[in-house]
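Good morning, and thank you for coming.

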Amino acid sequence: MVPPLVLDIDGTMTRPDDSIDPRFFDLLPDWEAPIVVATGKAFPYPVALCHFLQIPQHVIAENGGIVLVDDEITRNGDGEAAFHVAEEYVADGYELGWGESDLTNRWRETEIAVQRDQPLGPLSELASEHGLEVVDTGFAYHVKSSGVSKGQGLKAVAQLLGRDPKEFVAIGDSENDVSTFGVVRESYAVANADEKAKRAAGTVVDESYSEGTISVLEELQRGFDG
Ligand SMILES: O=C(O)COP(=O)(O)O
Ligand SMILES: [Mg+2]
(Lines give C-alpha, C1' and ligand atoms only; values in the text may rest on other atoms or scores of the structure.)
(Ligands and ions follow the chains in the order given, each with its own letter.)
Protein backbone atom coordinates (compact mmCIF):
# COMPACT_ATOMS: atom_id res chain seq x y z
CA MET A 1 0.00 0.00 0.00
CA VAL A 2 1.07 3.58 -0.56
CA PRO A 3 1.45 5.39 2.78
CA PRO A 4 -0.95 8.02 4.11
CA LEU A 5 0.29 11.53 3.38
CA VAL A 6 0.44 14.82 5.19
CA LEU A 7 1.03 17.64 2.72
CA ASP A 8 1.83 21.29 3.35
CA ILE A 9 0.33 23.72 0.81
CA ASP A 10 2.44 26.84 0.29
CA GLY A 11 5.88 26.08 -1.08
CA THR A 12 5.08 22.35 -1.26
CA MET A 13 1.99 21.89 -3.42
CA THR A 14 2.56 25.21 -5.16
CA ARG A 15 4.83 26.29 -7.98
CA PRO A 16 7.15 29.29 -7.56
CA ASP A 17 4.34 31.61 -8.72
CA ASP A 18 2.12 30.39 -5.80
CA SER A 19 -0.26 28.45 -8.07
CA ILE A 20 -1.26 24.90 -7.14
CA ASP A 21 0.46 22.46 -9.49
CA PRO A 22 -2.37 21.08 -11.65
CA ARG A 23 -0.81 17.61 -11.62
CA PHE A 24 -2.12 17.16 -8.05
CA PHE A 25 -5.66 17.14 -9.44
CA ASP A 26 -4.91 13.79 -11.10
CA LEU A 27 -2.42 12.39 -8.58
CA LEU A 28 -4.17 12.90 -5.26
CA PRO A 29 -7.72 11.62 -5.90
CA ASP A 30 -6.15 8.33 -7.03
CA TRP A 31 -3.90 8.02 -3.94
CA GLU A 32 -5.00 4.86 -2.18
CA ALA A 33 -4.44 6.03 1.40
CA PRO A 34 -5.62 9.00 3.47
CA ILE A 35 -4.29 12.46 2.59
CA VAL A 36 -4.13 15.22 5.21
CA VAL A 37 -3.67 18.81 4.04
CA ALA A 38 -1.76 20.68 6.77
CA THR A 39 -1.36 24.42 6.37
CA GLY A 40 -0.84 27.72 8.11
CA LYS A 41 -3.59 29.19 5.98
CA ALA A 42 -7.05 29.98 7.31
CA PHE A 43 -9.60 27.17 7.41
CA PRO A 44 -11.51 27.86 4.16
CA TYR A 45 -8.42 27.48 1.98
CA PRO A 46 -7.57 23.81 2.64
CA VAL A 47 -11.27 22.94 2.80
CA ALA A 48 -11.74 24.44 -0.65
CA LEU A 49 -8.60 22.73 -1.91
CA CYS A 50 -9.86 19.30 -0.76
CA HIS A 51 -13.25 20.08 -2.24
CA PHE A 52 -11.87 20.96 -5.65
CA LEU A 53 -9.41 18.06 -5.58
CA GLN A 54 -12.39 15.90 -4.68
CA ILE A 55 -10.57 14.19 -1.81
CA PRO A 56 -11.95 13.65 1.72
CA GLN A 57 -11.68 16.74 3.92
CA HIS A 58 -8.86 15.84 6.31
CA VAL A 59 -7.53 19.26 7.17
CA ILE A 60 -5.13 20.91 9.59
CA ALA A 61 -5.52 24.70 9.25
CA GLU A 62 -4.00 27.65 11.11
CA ASN A 63 -0.89 25.60 11.97
CA GLY A 64 -2.92 23.14 14.02
CA GLY A 65 -5.40 25.66 15.42
CA ILE A 66 -8.20 23.97 13.51
CA VAL A 67 -8.52 20.30 12.71
CA LEU A 68 -11.21 18.85 10.46
CA VAL A 69 -11.78 15.18 9.83
CA ASP A 70 -14.80 14.61 7.63
CA ASP A 71 -17.56 16.28 9.68
CA GLU A 72 -15.70 16.79 12.96
CA ILE A 73 -14.04 20.13 13.78
CA THR A 74 -11.64 20.74 16.70
CA ARG A 75 -10.19 24.13 17.69
CA ASN A 76 -6.95 24.57 19.65
CA GLY A 77 -5.09 27.53 21.06
CA ASP A 78 -5.84 30.96 22.49
CA GLY A 79 -7.34 32.85 19.56
CA GLU A 80 -8.41 35.75 21.82
CA ALA A 81 -4.80 36.36 22.83
CA ALA A 82 -3.71 36.31 19.17
CA PHE A 83 -6.41 38.85 18.26
CA HIS A 84 -5.22 41.09 21.13
CA VAL A 85 -1.69 40.92 19.77
CA ALA A 86 -2.99 42.03 16.36
CA GLU A 87 -4.96 44.93 17.88
CA GLU A 88 -2.00 46.12 19.92
CA TYR A 89 0.40 45.78 16.99
CA VAL A 90 -1.89 47.97 14.86
CA ALA A 91 -2.42 50.41 17.77
CA ASP A 92 1.37 50.74 17.96
CA GLY A 93 1.37 52.00 14.35
CA TYR A 94 2.18 48.81 12.42
CA GLU A 95 -0.03 46.99 9.93
CA LEU A 96 -1.03 43.38 9.45
CA GLY A 97 -0.28 44.17 5.83
CA TRP A 98 -3.08 42.49 3.91
CA GLY A 99 -5.13 45.56 2.92
CA GLU A 100 -8.62 46.67 3.79
CA SER A 101 -10.53 43.38 3.41
CA ASP A 102 -7.68 41.29 4.93
CA LEU A 103 -8.63 37.99 3.34
CA THR A 104 -5.65 36.39 5.12
CA ASN A 105 -7.10 36.90 8.62
CA ARG A 106 -10.79 37.34 7.85
CA TRP A 107 -11.68 33.73 8.63
CA ARG A 108 -8.98 33.02 11.23
CA GLU A 109 -10.16 31.70 14.59
CA THR A 110 -7.09 30.65 16.57
CA GLU A 111 -4.09 32.68 15.35
CA ILE A 112 -3.27 35.71 13.24
CA ALA A 113 -0.92 36.22 10.32
CA VAL A 114 1.19 39.28 9.57
CA GLN A 115 2.78 40.18 6.23
CA ARG A 116 6.56 39.58 6.30
CA ASP A 117 7.43 43.13 5.26
CA GLN A 118 6.18 44.32 8.67
CA PRO A 119 8.63 44.55 11.60
CA LEU A 120 9.12 41.25 13.42
CA GLY A 121 10.71 42.57 16.65
CA PRO A 122 7.66 44.37 18.08
CA LEU A 123 5.40 41.53 16.94
CA SER A 124 7.49 38.94 18.79
CA GLU A 125 7.52 41.13 21.91
CA LEU A 126 3.74 41.50 21.94
CA ALA A 127 3.32 37.79 21.26
CA SER A 128 5.47 36.79 24.21
CA GLU A 129 3.68 39.31 26.48
CA HIS A 130 0.50 37.36 25.67
CA GLY A 131 2.17 33.97 26.10
CA LEU A 132 2.25 33.31 22.36
CA GLU A 133 4.97 32.69 19.78
CA VAL A 134 5.70 33.78 16.20
CA VAL A 135 6.35 31.28 13.44
CA ASP A 136 7.83 32.39 10.11
CA THR A 137 6.56 30.21 7.27
CA GLY A 138 8.33 32.15 4.55
CA PHE A 139 4.89 33.37 3.48
CA ALA A 140 3.78 35.14 6.69
CA TYR A 141 4.53 35.60 10.38
CA HIS A 142 1.98 33.61 12.37
CA VAL A 143 1.19 34.52 16.00
CA LYS A 144 0.01 31.35 17.71
CA SER A 145 -0.12 29.41 20.94
CA SER A 146 3.08 27.46 21.47
CA GLY A 147 1.38 24.13 22.22
CA VAL A 148 -0.47 24.28 18.92
CA SER A 149 1.25 22.86 15.86
CA LYS A 150 0.66 20.89 12.69
CA GLY A 151 2.32 17.93 14.41
CA GLN A 152 -0.20 18.02 17.27
CA GLY A 153 -2.92 18.40 14.65
CA LEU A 154 -1.70 15.30 12.85
CA LYS A 155 -1.85 13.26 16.04
CA ALA A 156 -5.51 14.28 16.39
CA VAL A 157 -6.31 13.56 12.74
CA ALA A 158 -4.56 10.21 12.84
CA GLN A 159 -6.52 9.19 15.91
CA LEU A 160 -9.83 10.15 14.29
CA LEU A 161 -8.84 8.18 11.19
CA GLY A 162 -7.87 5.16 13.29
CA ARG A 163 -4.26 5.51 12.14
CA ASP A 164 -0.88 6.00 13.77
CA PRO A 165 1.02 9.21 12.86
CA LYS A 166 4.01 6.92 12.34
CA GLU A 167 2.29 5.51 9.25
CA PHE A 168 2.38 8.90 7.51
CA VAL A 169 4.82 10.42 5.04
CA ALA A 170 5.10 14.22 5.39
CA ILE A 171 6.28 16.75 2.82
CA GLY A 172 6.87 20.41 3.68
CA ASP A 173 8.98 23.49 3.19
CA SER A 174 9.24 25.54 6.36
CA GLU A 175 9.55 25.78 10.11
CA ASN A 176 5.82 25.26 10.57
CA ASP A 177 6.33 21.75 9.16
CA VAL A 178 9.05 20.74 11.65
CA SER A 179 6.50 19.50 14.21
CA THR A 180 4.88 17.32 11.54
CA PHE A 181 8.25 15.90 10.54
CA GLY A 182 8.76 14.92 14.20
CA VAL A 183 5.74 12.63 14.42
CA VAL A 184 5.67 10.80 11.07
CA ARG A 185 7.44 7.80 9.62
CA GLU A 186 9.26 9.61 6.82
CA SER A 187 9.68 13.31 6.21
CA TYR A 188 10.78 15.20 3.12
CA ALA A 189 11.75 18.85 2.74
CA VAL A 190 11.57 20.23 -0.79
CA ALA A 191 14.72 22.01 -2.03
CA ASN A 192 13.24 25.49 -1.48
CA ALA A 193 12.64 24.67 2.23
CA ASP A 194 14.07 26.87 4.97
CA GLU A 195 17.01 25.67 7.07
CA LYS A 196 14.86 24.54 10.02
CA ALA A 197 12.74 22.31 7.79
CA LYS A 198 15.78 20.93 6.00
CA ARG A 199 17.49 20.10 9.30
CA ALA A 200 14.38 18.38 10.66
CA ALA A 201 13.53 16.39 7.52
CA GLY A 202 14.65 12.81 7.03
CA THR A 203 15.37 13.63 3.38
CA VAL A 204 15.95 16.87 1.51
CA VAL A 205 14.65 16.48 -2.03
CA ASP A 206 16.70 17.71 -5.03
CA GLU A 207 13.77 19.44 -6.71
CA SER A 208 11.92 22.51 -5.46
CA TYR A 209 8.28 23.37 -4.77
CA SER A 210 5.63 21.04 -6.28
CA GLU A 211 8.27 19.49 -8.54
CA GLY A 212 9.97 18.10 -5.40
CA THR A 213 6.71 16.93 -3.88
CA ILE A 214 5.59 15.17 -7.05
CA SER A 215 8.96 13.43 -7.33
CA VAL A 216 8.50 12.06 -3.78
CA LEU A 217 4.96 10.90 -4.56
CA GLU A 218 6.10 9.18 -7.75
CA GLU A 219 8.91 7.48 -5.83
CA LEU A 220 6.45 6.24 -3.18
CA GLN A 221 4.14 5.05 -5.91
CA ARG A 222 6.99 3.18 -7.64
CA GLY A 223 7.94 1.52 -4.34
CA PHE A 224 4.32 0.43 -4.06
CA ASP A 225 4.10 -0.83 -7.67
CA GLY A 226 7.49 -2.53 -7.46
O1 LIG B 1 0.04 30.39 5.36
C2 LIG B 1 1.28 30.35 5.39
O3 LIG B 1 1.98 31.26 5.84
C4 LIG B 1 1.99 29.12 4.93
O5 LIG B 1 1.09 28.13 4.56
P6 LIG B 1 1.60 26.61 4.48
O7 LIG B 1 1.68 26.11 5.87
O8 LIG B 1 0.56 25.93 3.64
O9 LIG B 1 2.94 26.64 3.80
MG1 LIG C 1 4.69 25.72 3.41
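Strand 1 and strand 2, the latter at residues 35-38, pair in the parallel sense over three bridges. Two strands are said to pair if DSSP finds at least two bridges between them. Strands here are DSSP runs of E with at least two residues, helices are runs of H or I with at least four residues, and both are numbered from the N terminus. Within this pairing, V6 has V36 of strand 2 as its bridge partner.

This is a predicted model, in which local features need pLDDT of at least 70, side-chain atom pairs count only at pLDDT 80 or more, and totals for chains, interfaces and linings use all residues. Residues are numbered from 1 along each chain as its sequence is written, while chains are lettered from A and ligands numbered from 1 in the order in which they are written.

Strand 2 also pairs with strand 3, residues 58-61, in the parallel sense over two bridges. There, V37 stands opposite V59 of strand 3. Between strand 2 and strand 3 the chain passes through helix 2, residues 44-53, in a right-handed β-α-β crossover.

I turn now to an annotation. Which residues does UniProt place under the feature "binding site"? The unreviewed entry lists D8, D10, D173 and D177. These residues are spread over 170 residues of sequence, yet they cluster in space, with a largest C-alpha distance of 10.9 Å. The UniProt positions follow the numbering used here, feature names are shortened, and annotations may be inferred rather than shown by experiment.

D8 lies in the loop between strand 1 (5-7) and helix 1 (24-27), and D10 has its place in the loop between strand 1 and helix 1. Is D8 buried or exposed? D8 is buried, because 29 other C-beta atoms lie within 10 Å. The cut-offs are 20 or more such atoms for buried, 12 or fewer for exposed, and partly exposed in between, with C-beta atoms placed from the backbone. D10 is buried too, with 21 other C-beta atoms within 10 Å.

Leaving aside neighbours within four places in sequence, D8 is in contact with A38, T39, I171, G172, D173 and D177. Contact requires that the C-beta atoms, placed from the backbone, lie within 7 Å. With the corresponding neighbours left aside, D10 is in contact with T39, T137 and F139.

Definitions and conventions. Contact = placed C-beta atoms within 7 Å. Right-handed = clockwise from strand over helix to strand, strands pointing away.
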